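The stops below each begin with something to select.

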Amino acid sequence: MHHIYVLLGGVFAAYFLKWLARYISVRLQVRGLPVIHSAIEVMEAGHRSALPHIPGIVPARKYTLDDPWKKYADAQSDLIACTQATTPYAVYLTSNPHVALSVSAKPAQYLKPTSMFRYVAIDIFGRQIVSCQTGAEHKRHKSVVKGCFNETIMRGVWDAMVQTQAMMWGEVGVREGGVWKDIEGSTTQLTLLVIGKIGFGQEWPWRIAETGGKILPLDESLYVVTHSMFAQLVAPLWLLKYNPFASVRRLAKAQTSLIHHIMSMIASRGATLQAETNILTKGDKIKPPSDVLGAIVASQMDVVAESKLKAGEKVQAGLTPEEIVGNVCMAGHETSAHVIGFTLAYLALYPEHQEKILQEVDGITGGSLPTYRDMPALKYALACIHESIRLRDIVMTLPKLLAEDCHLPYTTWDASGQATTHTRLLKAGSHLIIDSPACQRNPFTWSDPTAFRPERMLDDSQKGLSTGFSSGQRACIGKRFAEVEMVAFITHMVKEYKFEPVPLEGEGRMEMEKRYLEGKEVLNLTPGKWDLKMTKRA
Ligand code: HEM
């Protein structure tokens, strides 16, 4: 018995010494930079704003969402290091948009840290483009996924948004004006129904019915899964499935139903497209599918056919059915909903921009409602959206893993603002996090950084420094999808209504502004609860 204790003690001591050696090495690596020490991985978004502040152990106040630039202003440096006792590597945070651009342009040097919880967790539906590693795996996913961001889909996104928005005004009771409540809830429902139409070619009612049965319908399963995303990502399926609570077991049923529906849709769309291809006469092309699921299946068939032509029958190309499910399930709708929410907050607080959007729309359409054809000319509306993303960046952190040692440029400044540039050696295996919200408020890049000034986003050189959709090979592939969806929504809303914030009793302007603009961190930055007073335009 005594020997077992000695053995266990020896194993524990060896483990502890190994950890200590790594931790000391990390502390030595970050010497000379401003450093945030913490016990746990506080830089991982999603939970940090909910943590209590315990200096040196959980320095939660360093991650304030209200003023993402503050920690850099305090440190007088746009590069900060973090040591985390739970992770045996140094973590660096950059808030320099120029550095962010050059890092994103070197995907082989700055890989995706795919072992981070956030990427492992989202593979529950199947391996997919967001979580896969840069290089061959990412290329394989992208070759298929890019096929569903074509012009037919974009036109469909615009039309689906306009139709669903028209239905929404009736459902939320403001068709003729009034107070629109729960903006976050209704915009999330709106973008979910757009995914129903454009993602799967299905029309769903505003209120999705709750049914029983072994398999939930597609709309209900997608609704339940997206409304319980955090639980779906953190809890294993068996835990949800064999749970004493019926409401939790329903989450498991929704997950398995969703996968079941998408798998069978992939099989049937594949068979239909194959049958159409078989009867084509030489030189003809099949009509491109107008839903994302059809487009991804068609794209998969194209990629497989092309690689067979090049490399023969045996080559494995494109995605497996499980990977297609993974990619389809991660098609984000909440991101666009949250950006719409923050844009509405800014436009309500600064109504002069509503009038500018209206003038732009009328100047283009001569007074009628805009259509997808007008999208390239609706520059001011898009600028308002990009400026909202700059100020309320929803994705928040863009983590990279260093494949090799690298010299990273950074800037420090003195009390008078006099800046000096340096380079710093970062070791292979370290993490570099592009702190996107801080990049977007860096005063060396943006003049009057906290002001809502959409005009600056009309200048391509300024807009190009925004990190909200990331850049380079791993940039957001759904950027145009989201832009079309959001511009369609904002321009139609401004054309039909004037809207203003609704203050709480006794609330001053500053408090109200804070309430409308502050967000909470739930997977991505989510707007709070507030209402809008809607007045129908004559
Ligand atoms: C306003 C809304 C959106 C914003 C601000 C946004 C932002 C981003 C950002 C910052 C990334 C890089 C993430 C990283 O490096 O970890 C990203 C990646 C991605 N986004 Fe978006 N996104 C939005 C909407 C969408 C939509 C609507 C879709 C799909 C329909 C989409 C699909 C993707 C995909 C597939 C990737 C991974 C690309 C790759 O790794 O190659 N996004 N997005």
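Domain bounds used on this tour come from an automatic or database domain assignment. This is a predicted model, in which local features need pLDDT of at least 70 and side-chain atom pairs count only at pLDDT 80 or more, while totals for chains, interfaces and linings use all residues. Residues are numbered from 1 along each chain as its sequence is written, and side-chain values use heavy atoms, with hydrogens and water left out.

**Stop 1: the ligand shell**

The ligand is surrounded by 25 residues, and the closest are Y119, H138, G468, R474 and C476. Domain 1 (2–115 + 395–439) and domain 3 (336–393 + 450–467 + 477–536) each supply at least three residues to this shell. By class, the shell has 15 nonpolar, eight polar and two charged residues. Here Ala, Val, Leu, Ile, Met, Phe, Trp, Tyr, Cys and Pro count as nonpolar, Asp, Glu, Lys and Arg as charged, and the others, Gly among them, as polar.

**Stop 2: contacts with the ligand**

Now show the side chains of K112, Y119 and R474. An N or O atom in the side chain of R474 is 2.9 Å from an oxygen atom of the ligand. For Y119, a polar side-chain atom lies 3.1 Å from a ligand oxygen, and for K112 the distance is 3.3 Å. Helices α14 (334–349) and α19 (479–496) are the elements that give two or more residues to the shell; helices are DSSP runs (H or I) of at least four residues, numbered from the N terminus.

**Stop 3: the iron atom**

Which protein donor does the iron atom of the ligand have? Select C476: its SG, at 2.3 Å, is the only one. Donors are N, O and S atoms within 2.8 Å of the metal (3.2 Å for Na, K and Ca); water is not among the atoms, so sites may look incomplete. C476 is found in the loop between α18 (460–463) and α19.

**Stop 4: R118**

Next, select R118, which is in helix α4 (residues 117–121). Its side chain makes a polar contact with the side chain of T397, at 2.7 Å. Such a contact is a pair of N or O atoms within 3.5 Å; within protein, one must be able to donate a hydrogen and the other to accept it, and residues adjacent in sequence count only if both atoms are side-chain atoms.

Definitions and conventions
Near = heavy atom within 4 Å.
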